[in-house]
Amino acid sequence: MKAASQTSKRVAVWVLVVSPLLGCASAPTADPAENVATLQMFAAVISPPQDPNRVALGRLLFNDTRLSKNREVSCSTCHVLTKFGIDGKVVSTGFAGRRGTRNTPTVFNAATHIAQFWDGRAVDVEAQALGPITNPVEMAMPNEQAVIDALSVVPRYVEMFRTAFPSEERPISLKNVGEAIGAFERGLVTTSRWDRFVAGDHAALTRNEKKGLRLFMQRGCVTCHTGPDVGGSSFQKVGVAYPWPNQTDQGREEVTHFPPDRMVFKVPSLKNIAETAPYFHDGSTTSLETAIHLMGHYELGIELPPDEVGAIAAWMRSMTGEPDPAYIALPRLPPG
């Protein structure tokens with residue numbers, strides 16, 4: 001009860017903070033679109049352009065199974081770009097059928113997150129791209145030299161690495177594999193009706209979707225899900241009001257060995273959330289409405305009524321944005 005009480009106070013504070021921006025948020029007809037300041041917390045970040053040579057190289061590497069020990073697994077095996085950057089499984093299957101322990105997050109819009117992986121152990125997408133390659137459960141390459149050997153026998157890769165990293169004596173390296181894949185992943189962005197709404201097109205959302213946004217703010221969800229990706233900008237404990245049912249994975253504590261980080265995970269982005277089930281680090285539900293209900297209960301200590309859950313879900317579905325088909329098109333991999 002104490003945790004729930006503390007959460008209620010936190011929600012109350014956020015309602016007080018957000019209410020003036022909404023123009024009296026307690027009124028059922030309040031429309032956040034009426035106040036531009038409300039939406040600034042979601043304003044998009046303009047990313048700098050990437051080296052096209054590195055992007056072209058990264059696109060190939062992202063899809064190439066040569067980066068796995070058995071030549072059967074690539075980045076795109078788990079991050080299927082035609083499925084919004086996921087594989088739809090509770091946990092992914094890697095080398096020799098081995099299963100991971102956490103749900104695979106989407107790579108779309110991930111480059112602007114505070115860090116990568118659920119526990120934030122990689123500082124950026126360049127660092128994240130390297131993790132699976134030598135992970136024995138995922139791609140299982142034994143070491144950097146094995147990666148270099150696999151790529152150095154491919155003439156096109158020799159040429160492309162030299163072009164992408166012209167100042168380096170030995171351009172084919174594990175670090176540069178990550179740099180190239182990261183450059184490609186930084187272009188994996190989507191734009192939705194929600195983005196148009198934030199940019200000033202107040203007709204981009206329906207009345208019910210605006211209601212969902214209003215409720216999302218009033219109930220305190222915006223405490224954690226904020227920023228240009230409506231999440232991805234902080235680490236938070238899962239199970240603030242009540243303990244999360246699955247305590248097997250202790251989150252960031254496994255990386256930091258700091259007890260207060262127990263059950264702390266990166267807050268997921270809500271962009272394309274309607275297309276990226278199963279949800280949560282443990283993939284415990286495939287229903288968006290159920291996920292919203294669970295967050296209300298375990299994070300906020302409140303039981304959201306079905307009509308509120310439905311409106312919030314409707315608003316979240318407005319964040320679905322199709323990627324550029326040409327950018328994610330499967331490339332022809334080099335022979336060799």
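Biologist: How many aromatic pairs does a search of the whole structure find?

Modeller: The search finds eleven aromatic pairs. Keep in mind that this is a predicted model.

Biologist: How are the rings of Phe42 and Trp194 placed, and what is the pair called?

Modeller: Planes over 60 degrees apart count as edge-to-face. The centres of the Phe42 and Trp194 rings lie 5.2 Å apart with the planes at 70°, so this pair is edge-to-face. Phe42 sits in the loop between helix 2 (36-39) and helix 3 (52-63), while Trp194 belongs to helix 9 (residues 193-198).

Biologist: Now the helices. At what angle do the axes of helix 6 and helix 8 cross?

Modeller: Angles of 65 to 115 degrees count as roughly perpendicular. Helix 6 (residues 144-152) and helix 8 (residues 174-185) cross at roughly 70°, and their axes come within 9 Å. Helix 6 and helix 8 are therefore roughly perpendicular.

Biologist: Which residues make the contact?

Modeller: Helix 6 contributes Glu144, Val147 and Leu151, and helix 8 contributes Leu174, Lys175 and Val177. Sorted by class, this contact of helix 6 with helix 8 holds four nonpolar and two charged residues, with no polar ones.

Biologist: What is the angle between helix 10 and helix 13?

Modeller: It is about 110° for helix 10 (residues 207-218) against helix 13 (residues 306-317), with the axes 7 Å apart. Helix 10 is therefore roughly perpendicular to helix 13. On the helix 10 side, the residues in contact include Leu213, Leu215 and Phe216; on the helix 13 side, they include Ile312, Trp315 and Met316. The contact of helix 10 with helix 13 divides into eight nonpolar, two polar and four charged residues.

Biologist: And the backbone? Which residues does a cis peptide bond join?

Modeller: The cis bond joins Ala277 and Pro278, with omega about 5°. Pro278 lies in the loop between strand 2 (264-266) and helix 12 (288-300). Another backbone point is Met263, a residue other than glycine with a positive phi, near 65°. Met263 is placed in the loop between helix 11 (253-256) and strand 2.

Biologist: Last, the pockets. What is the volume of the second largest pocket, and how many residues line it?

Modeller: Rolling a probe the size of a water molecule over the atoms shows where empty space is left. The second largest pocket has a volume of about 390 Å³ and a lining of 23 residues. Val45, Ser47, Thr112, Arg186 and Val189 lie nearest its centre. The lining consists of eleven nonpolar, seven polar and five charged residues.

How values were computed. Residues numbered from 1 in each chain as written. Predicted model: local features only at pLDDT ≥ 70, side-chain atom pairs only at ≥ 80, totals over all residues. Heavy atoms only, no water. 1 Å grid on protein atoms, 1.4 Å probe; cavity = no way out; pocket = protein on both sides within 12 Å on 5 of 7 lines; lining within 4 Å. Points joined across faces, edges and corners; volume = space filled by probe spheres on them. Nonpolar A, V, L, I, M, F, W, Y, C, P; charged D, E, K, R; others polar. Axes fitted to C-alpha atoms, helices over the stretch in contact; angles between N-to-C directions. Helix = DSSP H or I, 4+ residues; strand = E, 2+ residues; numbered from the N terminus. Parallel < 35°, antiparallel > 145°, perpendicular 65-115°, else oblique. Contact = heavy atoms within 4.5 Å. Phe/Tyr/Trp six-rings, centres within 6.5 Å; stacked < 30°, edge-to-face > 60°.
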